[in-house]
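Dear colleague,

Please find below the structure I promised to hand over, together with its sequence. I would be grateful if you could look through it alongside my notes.

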Amino acid sequence: MGSDFGVAPWVIRGPNGPEGFGIDLINMVARKMGYRSVDVEDINFSGLFPALFSSRINIMVNPLNITQDRSERLLFSEPIFATGNGFIVLKGQKISGLADLRGKVLAVNRGTLSDTWATVNHDRYGFSVQRYETFPDSVLAVMTGRAFTALNEIPTTVYAASRNPLIEVGYKDFDGRNFGYAFRKDDVELRNRTEMAIECLKQEGALGRLYTKWYGAPPSKDNPLMTIYPGFGPPGFSGYDPASHSVQCH
């Protein structure tokens, strides 16, 4: 498995190794699949795609947005987690809307969907972009005055702000995006086995309890953490298999 360990609380570096929502999740999934343990490598986000394509890792377990473009190159599991754009600012500063970004500097984690969003929208909203190799580095840019805001996934920014009294989430842009695990295109069997394990955990309510543990509140009932999707993969994206199946748990 591969993940960027700098995305709290999905994966953080603990005293005894990686820990967080994403680590607990993949360990629960692995146990459902019959494995006693998993090996999760710490890889910067921009290096995860080459690691998967070169077979250095088998699954990307980073909080990865499911997009149409990515689904042409990757095989996705069904949605696991809902997200959107979160904008971190210094405590006391606010963003009432995207128009407030005009003339400001926005920091992003290089290679992420946040980076893509910033690249597409910087002319439209009139901001400039600074790119960093890790999410913590982009937050540090805000704290040191190099950037006005740091953009990342809403859950990641909410958790970061809860742990640092100097920053807050100035604006949340919920846009219907979802996270999923990513596989190589030819790993259909592995994708399907992994998804079956995920569906079992959803059915048992384990993913909802895990979210509450790490994010401090229960998910909504329509959250992907609580929703079992038909077929295998994300409906409406490349690689989706609509064949019906029953959830078989062990």
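This is a predicted model: local features need pLDDT of at least 70, side-chain atom pairs count only at pLDDT 80 or more; totals for chains, interfaces and linings use all residues.

The lysine is K202, which belongs to helix α7, spanning residues 188–203. Is K202 buried or exposed? Its relative accessibility is 4%, and because buried means under 20%, K202 counts as buried. Beyond its neighbours within four places in sequence, K202 is in contact with E78, P79, L207, P224, L225, T227, I228 and Y229. With E78, the side chain of K202 makes a side-chain polar contact of 2.6 Å. A polar atom of the K202 side chain also lies 2.7 Å from the backbone oxygen of T227. As for R31, its C-alpha is 14 Å from that of K202, while the two residues are 171 apart in sequence.

The sheet is open and consists of five strands with mixed pairing, in the order β8-β7-β9-β6-β10. At its edges stand β8 (128–132) and β10 (167–179); each has a single partner strand, so one side of each is left without a neighbour in the sheet. From one strand to the next, the twist averages 25°.

Strand β10 pairs with β6 (residues 81–90) in the antiparallel sense, over 10 bridges. Within this pairing, F81 stands opposite F179 of β10.

Which helix lies across β6, β7, β8, β9 and β10? This is α5 (residues 135–143), which runs at about 30° to β6.

With kind regards

Terms used. Residues are numbered from 1 along each chain as its sequence is written. Side-chain values use heavy atoms; hydrogens and water are left out. Helices (H or I, at least four residues) and strands (E, at least two) are DSSP runs, numbered from the N terminus. Buried means under 20% relative accessible area, exposed over 50%, partly exposed in between (1.4 Å probe, protein chains only). Contact means heavy atoms within 4.5 Å. A polar contact is a pair of N or O atoms within 3.5 Å; within protein, one must be able to donate a hydrogen and the other to accept it, and residues adjacent in sequence count only if both atoms are side-chain atoms. Two strands pair if DSSP finds at least two bridges between them. Axes are lines fitted to C-alpha atoms, for helices over the stretch in contact, and angles run from 0 to 180 degrees between N-to-C directions.
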